[in-house]
Amino acid sequence: MDSSIINTPRYAVKTLEKALRLYTPSLAEKPLAEFLADKCDDFGFEDVRIDDVGNLIATKGSGYPRIMLCGHMDTVPGKIKVRSENGFIYGRGASDAKAPLIAMLLATSSVQPENNGTITFAAVVDEEGNATGIKSLVKQKPAIDYAVFGEPSGIKNITIAYKGRIAINLRVNVGDSAHASAPWLAKNAIEESYIFTAALKKSLEENQEGLAKSMMLTSSLTEIKGGTSHNVTPLECDAIMDIRIPVNMNCKMVGERIATTVQDIAKKQGVNAFYSVIDETEPFEAPHNSPLVRALTLGIMDVEKARPQLIRKTGTGDMNIIGNSLNIPVVTYGPGDPHASHTIDERVSTDEFLRSVEVFKRMLSHLKRLHEFKSSPAKS
């Protein structure tokens, strides 16, 4: 396809609107994968394929640096009428995260591959669910030196770090139950679970006064289930806790604190308790002086005429998985307001979306130069 057409604002907006009209909740992304595959064919990508779990993967160019631009195709459920009004594009996924995804596609499509190394464009499934797409992609061991994930950071922010996560299921069994009219005859598993979860929260979160929220270890009780009848004290109770881990800690050290606390409270209360790990993701932070962070910083400065802010987020994202698995610099970036994500009026600024395409193009150009400078014999 003629690059002069790809580079027009009208074409960019229409492409995003078409992507938004495809309703793609988690694990129903096939229509968008096929739409993107057709676009990649038109744009001259090589090796365009949809893998076993439904990810779309396409490459362009050759040589170094090898960079992956990756976004997710799925959205949370709920349809929103696609429209352009008052400088915004509305639709489910407009912010999270089809605008970043399409911006990366258009940027990659318009660059000259022989001047920018090997670019892999990946659109993954199930980010809003169980991260099936990125976990499968990592198992394929892609040959890449850098990666950028498309999420709404705001055009002047680069997300360099995400917290890690441990989710546990804590099961408390008190050994017996009683009629609710005689509660003194047995311990109450739900009430005992509260003692455990409160003690865990206190143990994990103590001595953190003055820390930024992005550097705090946090614990949240997110689900609780126990009891069999309205007039019987519960014998057993399951509680799910979501624990977020800052970049100066790791899952092992937090896991040891969980194990010690559960053991101590079980002994003190005289009840049986054990926990299982539902999910475990290590925290991740990209090196601030890496060619990737520097290239994206320069790209933003070229377009926005201002130095971007490097931010640590309190959530956990796909960049944790690929950054830790492949041990490469990874950042998250894209147009959109994170607070607009998942809302009933989800939208993205049209102007910001268009400027982000230019940022990605500039970043690719800067990365080629900075990677070669870092790799030159004089710098070794």
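Asn-86 lies in the loop between E4 and E5. Its phi is positive, about 50°, although Asn-86 is not a glycine. Asn-86 is exposed, with a relative accessible area of 72%. Helices (H or I, at least four residues) and strands (E, at least two) are DSSP runs numbered from the N terminus. Buried means under 20% relative accessible area, exposed over 50%, and partly exposed in between (1.4 Å probe, protein chains only).

This is a predicted model, in which local features need pLDDT of at least 70, side-chain atom pairs count only at pLDDT 80 or more, and totals for chains, interfaces and linings use all residues. Residues are numbered from 1 along each chain as its sequence is written, and side-chain values use heavy atoms, with hydrogens and water left out.

**Whole chain**

- The chain holds ten helices and 16 strands.
- It has 380 residues, of which 53% count as buried.
- Along the principal axes, its C-alpha atoms fill a box of roughly 80 × 55 × 40 Å.
- The chain exposes about 17400 Å², and carbon and sulfur atoms supply 50% of that area. Accessible areas come from the Shrake-Rupley method with a 1.4 Å probe; for residues, only the protein chains shown count as cover.
- Among contacts (heavy atoms within 4.5 Å) with a separation of 6 or more, 80% join residues 24 or more positions apart.

**Sheet E4-E5-E16**

- Three strands form an open sheet in the order E4-E5-E16, with antiparallel pairing. Two strands pair if DSSP finds at least two bridges between them.
- The edge strands are E4 (83-85) and E16 (347-349), and each pairs on one side only.
- From one strand to the next, the twist averages 25°. Axes are lines fitted to C-alpha atoms, for helices over the stretch in contact; angles run from 0 to 180 degrees between N-to-C directions.
- Strand E5 (residues 88-90) pairs antiparallel with E16 over three bridges. Ile-89 stands opposite Val-348 in E16.
- Helix H2 (residues 9-21) packs on this sheet and touches E4, E5 and E16. The direction of H2 makes about 25° with that of E5.

**Sheet E10-E11-E9-E12**

- Four strands form an open sheet in the order E10-E11-E9-E12, again with antiparallel pairing.
- E10 and E12 (272-281) are the edge strands, each pairing on one side only.
- Direction ignored, neighbouring strands of this sheet are turned by 20° against each other on average.
- Strand E11 (residues 236-245) is mostly covered, with eight of its ten residues buried.
- E11 pairs antiparallel with strand E9 (residues 164-173) over ten bridges. Here Arg-171 stands opposite Asp-238.
- Eight bridges join E11 to E10, also in the antiparallel sense. Leu-221 stands opposite Met-241 in E11, and Gly-226 has Cys-237 as its bridge partner there.
- Helix H7 (residues 251-269) lies across E9, E11 and E12. H7 runs at about 165° to E12.

**Strand E3 and its partners**

- Strand E3 (residues 66-72) is mostly covered: six of its seven residues are buried.
- E3 runs parallel to strand E6 (residues 118-124), with seven bridges between them. Gly-71 has Ala-123 in E6 as its bridge partner.
- E3 also runs parallel to strand E7 (residues 146-150), joined by five bridges. Leu-69 stands opposite Val-148 in E7.

**Surface patch**

- Ile-190, Leu-221 and Ile-224 form a nonpolar surface patch with about 250 Å² of accessible area together.
- Patches are made of residues with over 30% relative accessible area and no salt bridge; like charges are joined within 9 Å, nonpolar side chains (Val, Leu, Ile, Met, Phe, Trp, Tyr) within 5 Å. A salt bridge is a side-chain nitrogen of Lys or Arg within 4 Å of a carboxyl oxygen of Asp or Glu.
- Ile-224 sits in strand E10 (residues 218-226). At 48% relative accessibility, Ile-224 counts as partly exposed.

- Asp-47 has a positive phi of about 50° although it is not a glycine. Asp-47 is found in strand E1 (residues 46-50) and is exposed, at 52% relative accessible area.
- Tyr-64 and Pro-65 are joined by a cis peptide bond, with omega about 0°. Pro-65 lies in the loop between strand E2 (56-61) and E3.
- A cis peptide bond also joins Asp-96 and Ala-97, with omega about 0°. Ala-97 is in the loop between E5 and helix H4 (98-110).
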